[in-house]
Amino acid sequence: MQRLVGLVRRCCEDYNMIAPGDRIGVGVSGGKDSLALLVFLAELRKYNSNPYALEAITIDMGMGMDFGPVEQLCQELNVPYTCIHTEIGPIIFDHRKEKNPCSMCSKMRRGALNQALLDKGFNKLALGHHYDDAVETFVMNLLFEGRIGCFQPVTDLDRTGITQIRPMLYIHEKTVDNFAKRMELPIIENRCPVDKETKREEVKQLVYDLSQTYPNLKDRIFGAMQRYPL
């Protein structure tokens, strides 16, 4: 815990993610990444010189997932929890029958999440993207869009006034997996019909395969993104 919270703290300091008095909402999907981020930020409050408010927010997609265990975890962490119920899942899969649902789903979920933050007066949204997500996003942009780029550690959303932060960028996915298992985090099964069948999953496998031949591949890509910077 101490080592991983230290990495989160260093990432926050390197990119000035947290300022005194910030009201931070953590987007909690019920997956390992967002749950781990919630635990880290709750723990970081004890040591951070910049006091901040923290709340977990879930966008329920309307697909029958039970977020009771997540609410219980939040109670243990002394973090307020809000679950916003929507019909995003049925709209995309049952009514519109989208052939490529991921893009629309992402936009609708992010819109609902940003609106919830605005309603509650929060100014920052913490997302659970980690080291591997950054590398895979870089490769996806190169392969599918023909451009060199990645998401930013800190992103200001001009239309809403909300700032997105990604405090776990220094932590590898495998480390998050191990942490979630050791802490027995209440991971909620994803009921999305296209889970594990996306372009991101294809790229994840591609990066894994290349890393077997070039073990330093991820480190070099991530290092290049920091140096240029992307």
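Modeller: Happy to! Leaving out residues up to four places away in sequence, phenylalanine 40 touches Met1, Leu4, Val5, Val8, Met168, Ile171 and Phe179, where contact means heavy atoms within 4.5 Å. Please keep in mind that this is a predicted model, in which local features need pLDDT of at least 70 and side-chain atom pairs count only at pLDDT 80 or more, while totals for chains, interfaces and linings use all residues. Residues are numbered from 1 along each chain as its sequence is written, and side-chain values use heavy atoms, with hydrogens and water left out.

The largest nonpolar core has 55 residues, and Phe40 and Leu41 touch the most other members. Such a core is a set of buried Ala, Val, Leu, Ile, Met, Phe, Trp, Tyr and Cys residues joined through side-chain atoms within 4.5 Å. Here buried means under 20% relative accessible area, exposed over 50%, and partly exposed in between (1.4 Å probe, protein chains only). Helix α2 (residues 32-44) gives the most to this core, with nine residues. Helices (H or I, at least four residues) and strands (E, at least two) are DSSP runs, numbered from the N terminus. In soluble globular proteins, nonpolar side chains tend to be buried together.

Next comes the sheet. Six strands form an open sheet with mixed pairing, in the order β3-β2-β1-β4-β6-β5; two strands pair if DSSP finds at least two bridges between them. β3 (81-85) and β5 (154-157) stand at the edges with a single partner strand each, so one side of each has no neighbour in the sheet. Direction ignored, neighbouring strands are turned by 25° against each other on average. Helix α5 (residues 101-120) packs on this sheet and touches β1 (23-27), β2 (53-60), β3, β4, β5 and β6. The direction of α5 makes about 140° with that of β2; axes are lines fitted to C-alpha atoms, for helices over the stretch in contact, and angles run from 0 to 180 degrees between N-to-C directions.

Strands β4 (residues 124-126) and β6 (residues 162-165) run parallel and are joined by three bridges, with leucine 125 partnered by glutamine 164 in β6. β2 and β3 also pair in the parallel sense, over five bridges, and threonine 58 stands opposite cysteine 83 in β3.

At 28% relative accessibility, valine 154 counts as partly exposed. Neighbours within four places in sequence aside, valine 154 is in contact with Tyr15, Met17, Thr163, Gln164 and Ile165.

Finally, follow helix α6 (residues 131-145), where aspartate 132 is found. Aspartate 132 counts as buried, at 5% relative accessibility. Beyond residues up to four places away in sequence, aspartate 132 touches His172, Glu173 and Lys218. Helix α6 is also part of what covers the buried residues of α9. In α9 (residues 217-227), those buried include Ile221, Phe222, Gly223 and Met225.
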